[in-house]
Structure formats: C-alpha cells, structure tokens
Amino acid sequence: MELTRWAIEQAAGKAIVTTNFRPYEAVILHLATQAQADIPVLWVDHGTNLPETYRFAEKSRAQLSLNLRPYLPS
C-alpha cells in the first residue's frame, strides 16, 4: 500500500490507473482507490470481451466506486 500511495503522490494529481478487468486487477484497483479514491481508471474496451468480463467490470465499479473512464476505439 505504501508503494502505491508513494507512486500516486509522485504524479502530483495526474495519476491514472489502467485495467483490463482480469481477476487480479481487483487488487491493483483496490490499492489505487485506497491511495486516491477518485483516481481515473482507464479501460480500453475493445468490444470483444466475454460477458463475464463485463459483469466483473460492473461489479468492480460498484464495489470500489471506480472513477471509470472506458474508451472504445473506433
């Protein structure tokens, strides 16, 4: 947790975290939101994820109150 907090502090208010919403991502997202509750979470959604991934993304968003910034490339 201390390393995550330190890294976010080094960004001077410009930190972001990226995710692909695989199972271990929940740990990273949890640590990041503990260090900065409103940290922007960038998800490049290529549109071909499995339904389970979208369910996991929504569950994570709700449970961690993610400041989710999905991006769907054209």
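# Briefing on a predicted structure

Asn49 touches Arg22, Trp43 and Tyr54, when residues up to four places away in sequence are not counted. The model described here is predicted. Its open sheet has three strands in the order 1-2-3, paired in parallel, and its largest nonpolar core consists of 11 residues. Phe21 belongs to that core and is also a member of a cluster of linked aromatic rings.

- Asn49 is located in the loop that runs between strand 2 (40-44) and helix 3.
- Asn49 is classed as buried because its relative accessibility is 12%, and the limit for a buried residue is under 20%.
- Through its side chain, Asn49 makes a polar contact with the side chain of Asp45, at 2.9 Å.
- A polar contact also joins the side chain of Asn49 to the side chain of His46, at 3.4 Å.

- The three strands form an open sheet with the order 1-2-3 and parallel pairing.
- Strand 1 and strand 3 are the edge strands, each of them pairing on one side only.
- Direction ignored, neighbouring strands of this sheet are turned against each other by 30° on average.
- Strand 1 and strand 2 run parallel and are joined by three bridges.
- Within strand 2, Leu42 is the residue that stands opposite Thr18.
- Helix 2 lies across strand 1 and strand 2, and runs at about 160° to strand 1.
- In general, the strands of a sheet pair through backbone hydrogen bonds, in either a parallel or an antiparallel manner.

**The nonpolar core**

- The largest nonpolar core comprises Ile8, Ala15, Val17, Phe21, Leu29, Ala32, Ile39, Val41, Trp43, Ala57 and Leu66.
- Helix 2 and strand 2 are the elements that give two or more residues to this core.
- Ala32, a member of the core, is in contact with Thr4, Ile8, Val17 and Ile39 once its neighbours within four places in sequence are left aside.
- Among these partners of Ala32, Ile8, Val17 and Ile39 also belong to the core.

**Aromatic pairs**

- The structure contains three aromatic pairs.
- One of them joins Phe21 and Trp43 in an edge-to-face arrangement, with 4.8 Å from centre to centre and 80° between the planes.
- This pair links distant parts of the chain, as Phe21 is in the loop between strand 1 and helix 2 while Trp43 is in strand 2, 22 residues apart.
- Phe21 and Trp43 are both buried.
- Phe21 also forms an edge-to-face pair with Phe56, with 6.4 Å from centre to centre and 80° between the planes.
- Phe56 is classed as partly exposed because its relative accessible area is 25%, a value between the limits of 20% for buried and 50% for exposed.

**Loop residues**

- Phe21 is placed in the loop between strand 1 (17-19) and helix 2 (25-35).
- The phi angle of Phe21 is near 60°, which is a positive value in a residue other than glycine.
- With a relative accessibility of 2%, Phe21 counts as buried.
- Tyr24 is found in the loop between strand 1 and helix 2, but counts as exposed because its relative accessibility is 72%.
- Tyr24 and Ala35 are 11 residues apart along the chain, and 18 Å separates their C-alpha atoms.
- Ser65 lies in the loop between helix 3 (51-64) and strand 3 (67-71).
- Phi of Ser65 is near 50°, again a positive value in a residue other than glycine.
- Ser65 is exposed, its relative accessible area being 54%, where the limit for this class is over 50%.

Methods: Residues numbered from 1 in each chain as written. Predicted model: local features only at pLDDT ≥ 70, side-chain atom pairs only at ≥ 80, totals over all residues. Heavy atoms only, no water. Helix = DSSP H or I, 4+ residues; strand = E, 2+ residues; numbered from the N terminus. Buried < 20%, exposed > 50% of the residue type's maximum accessible area, 1.4 Å probe, protein only. Polar contact = N/O pair within 3.5 Å; in protein donor to acceptor, adjacent residues only side chain to side chain. Contact = heavy atoms within 4.5 Å. Core = buried A, V, L, I, M, F, W, Y, C linked by side-chain atoms within 4.5 Å. Pairing = 2+ DSSP bridges. Axes fitted to C-alpha atoms, helices over the stretch in contact; angles between N-to-C directions. Phe/Tyr/Trp six-rings, centres within 6.5 Å; stacked < 30°, edge-to-face > 60°.
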